[in-house]
Amino acid sequence: MNRTVPYWIAGAALILGFLLLAPHLLPEMKIHLIIEIMIFSLWAVSFNLLFGHGGLLAFGFGAPFGVGAYAAALLFQHFAGISLVLTLSLVALLGFVTGVIIGSLSVRLKGAYFALITFGFQMFLYAIALKWYSVTKGDDGFGVTRPALSLPLAGNLSMANVVPVYYFTLAIVVLAILATYLFQKTPLGNSIALVRENDVRPPFLGYNVYLTRLTVFSVACFLAALAGGLFVFFNEFVSTAVIDMNISMIVLLMAIIGGSEYFLGPILGAAFYVLVQNWLSSLTNRWFLVMGAIFIVVVLYLEGGLISLFIPKKDQPGVSMGGK
Amino acid sequence: MGIWEIYLTTAMHGLVYGMLIFLVASGLTLVLGMAGVLNIAHAALYMLGAYFAYTFTHSTGSFWLSLILSPVIVALVAVLIERFLLRKTYAKGHVPQILLTFGLLYMISEIVRMVWGTNPLRVFEPPLLSGEIPFLGGTYPVYRLFIIGFSILILIGMLLFLMRTRVGLVIRAAVHDADMVGALGTNVPFYLFVVYAGGAILAAVAGVIAAPMLSIFSGMGDQILLDCFVVIIVGGFGSLLGAFVAALLVGELQSFGVLWIPQLALVFEFLLMAVVLAIRPTGLFGEEA
């Protein structure tokens with residue numbers, strides 16, 4: 001086991017080095033793709049904190065993402081010159097509050113009940129986003145302008161160009177994903193895995209199952225809202241597409257396709273999804289047909305996800321795929 | 001037209017839509033109760049029912065023939081899906097089922113767009129059922145009355161089948177506890193297959209009878225899917241009575257919502273769901289989770 005550690009470090013350094021140099025090596029179109037992959041990675045990792053690590057299938061995980069996206073868009077729109085860091089902090093905090101509200105009504109339940117109920121809340125928010133036209137512009141959506149990043153010493157850094165957007169996103173996403181990884185290793189983060197394996201015994205050991213689930217759910221929503229905020233920051237546009245049914249399926253697909261048993265799986269899944277979707281939509285406008293087929297093939301023939309092609313499957317009983 | 005006539009008409013519209021939702025949701029909730037399978041592609045069967053109704057009505061000239069042919073073809077499609085795809089996921093849990101059936105919904109919607117185009121289509125009601133007749137002081141479209149009557153007939157048929165036959169008895173027992181029924185030597189997968197095919201037929205029938213009333217378009221599956229989700233959550237998983245009550249509630253909420261506050265009609269539906277969940281997390285008629 002110890003022998004693999006240097007490889008890991010080498011791999012991580014290689015990827016980080018590539019990511020740091022990418023804007024100078026690749027054309028602008030590719031940089032856009034990498035930004036999108038990074039944002040979706042953060043979202044998929046936060047989803048997998050619940051799904052892979054916690055055994056909770058939050059089918060309506062588009063809810064915190066969409067809340068974050070709309071909150072960022074509305075803040076950018078109505079408070080011109082608002083600080084970028086402040087906006088993203090507020091957005092993430094709002095995601096946490098959303099998580100507390102939805103979670104307090106849903107984490108008591110398990111399996112399909114939990115899945116459908118979180119989804120119901122997402123659809124509730126979707127209905128508001130769709131119908132509250134005067135604020136959200138419904139299906140049409142509305143555009144916003146990225147504010148500049150004000151740095152303590154260097155003054156204002158314009159975000160009009162894609163390169164600063166890239167580095168800003170990279171910094172936030174790497175920090176957030178690292179924080180998620182460390183959170184999983186804390187006693188609290190670990191206790192959700194305990195509750196996943198068995199939710200009858202932990203109360204006898206003094207664990208509060210409800211509070212554990214609620215806390216982890218809210219933390220995941222915090223991260224998802226941050227991803228949603230970054231998504232709007234990058235695209236400078238928001239519409240109901242950030243909170244509709246497809247977006248929930250996309251995050252689920254990213255986690256499954258990459259491999260939900262490993263922390264890095266969803267990141268691989270996000271990269272796969274963004275690249276394939278981009279490639280397919282340049283080939284055919286029937287890409288829904290191909291995407292649907294990919295869903296089916298993954299379910300039937302690629303149970304451990306893409307990451308299982310690189311790493312042999314764990315021997316011990318790992319994360320079940322939902323279960324009954 | 002006085003205010004009460006408007007209310008009565010609105011209530012009737014709500015009843016019509018509620019019955020349609022019930023026809024689609026009943027198969028979904030029974031399969032969910034028996035096997036824990038959340039079949040998202042079920043909504044695609046409703047959509048296929050409507051599209052086949054268009055094709056058959058225009059090629060044979062008979063709406064009644066399409067009311068028979070379309071559900072048969074859709075049931076065939078559904079059975080093939082169950083046999084070759086869905087069945088492989090029963091042991092794998094919810095996530096693969098949701099992904100697989102959602103992938104199917106994507107594919108069927110795209111195939112529908114390829115075959116029938118993207119423009120909304122229309123089927124006209126048979127001459128026998130066109131026009132309006134006097135109804136409780138006002139007038140009401142005959143076709144909508146036909147939908148209500150026809151779905152009540154189906155409902156009675158379903159009740160007789162579930163309550164009075166041996167197959168129905170086993171199905172009800174399996175919804176309650178499929179493992180125990182299986183342990184007693186009953187071939188549960190076979191009964192699941194029956195329910196699955198029956199549910200497909202009902203969804204397709206709903207699609208056919210909805211076709212002359214609503215326009216046929218490739219997003220109609222997504223629309224009814226959301227309503228069905230609300231219905232099975234509010235009614236409780238696996239509960240047919242719950243699905244019926246919830247479907248009528250959702251139908252009326254939508255109908256009166258459109259009358260009173262059109263912008264919030266969709267929001268009301270999900271508000272109802274949130275309220276029910278807060279009070280009874282397992283739905284109005286659901287068993288304890």
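**Where the helices meet**

Reader: Which residues of α10(B) do the residues of α5(A) meet?

Author: On the α5(A) side, the residues are Ile117(A), Gly120(A), Phe121(A), Met123(A), Phe124(A), Ala127(A), Ile128(A), Leu130(A) and Lys131(A). Contact here takes C-beta atoms, placed from the backbone, within 7 Å, and helices are DSSP runs of H or I with at least four residues, strands runs of E with at least two, numbered from the N terminus. Across from them in α10(B) sit Leu266(B), Val267(B), Phe270(B), Leu271(B), Met273(B), Ala274(B) and Leu277(B).

Reader: How many residues of that contact of α5(A) with α10(B) are nonpolar, polar and charged?

Author: Ala, Val, Leu, Ile, Met, Phe, Trp, Tyr, Cys and Pro count as nonpolar, Asp, Glu, Lys and Arg as charged, and the others, Gly among them, as polar. Sorted that way, the contact of α5(A) with α10(B) has 14 nonpolar, one polar and one charged.

Reader: Before we go on, what kind of model is this?

Author: Residues are numbered from 1 along each chain as its sequence is written, with chains lettered from A and ligands numbered from 1 in written order. Local features need pLDDT of at least 70 and side-chain atom pairs 80 or more, while totals for chains, interfaces and linings use all residues, since the model is predicted.

Reader: Zooming out, which element gives the largest share of the side of chain B that touches chain A?

Author: In total, 39 residues of chain B are in contact with 41 residues of chain A. Elements of chain B that give two or more residues to that side are α4, α8 and α10. With 13 residues, the largest share comes from α4(B).

Reader: Back in chain A, at what angle do the axes of α2(A) and α9(A) cross?

Author: α9(A) covers residues 209-235, and its axis comes within 8 Å of that of α2(A). The axes of α2(A) and α9(A) cross at roughly 165°.

Reader: Is Ala58(A) buried or exposed?

Author: Ala58(A) is in the loop between α2 and α3 of chain A, and it touches Phe47(A), Leu50(A), Phe51(A) and Thr118(A), leaving aside residues up to four places away in sequence. A residue is buried with 20 or more other C-beta atoms (placed from the backbone) within 10 Å of its own, exposed with 12 or fewer, and partly exposed in between. Ala58(A) has 33 of them within 10 Å, so it is buried.

Reader: What percentage of chain B is buried?

Author: The C-alpha trace of chain B spans about 60 × 45 × 35 Å along its principal axes. Of its 289 residues, the buried ones make up 51%.

Terms used
Two residues are in contact if their C-beta atoms, placed from the backbone, lie within 7 Å. Axes are lines fitted to C-alpha atoms, for helices over the stretch in contact, and angles run from 0 to 180 degrees between N-to-C directions.
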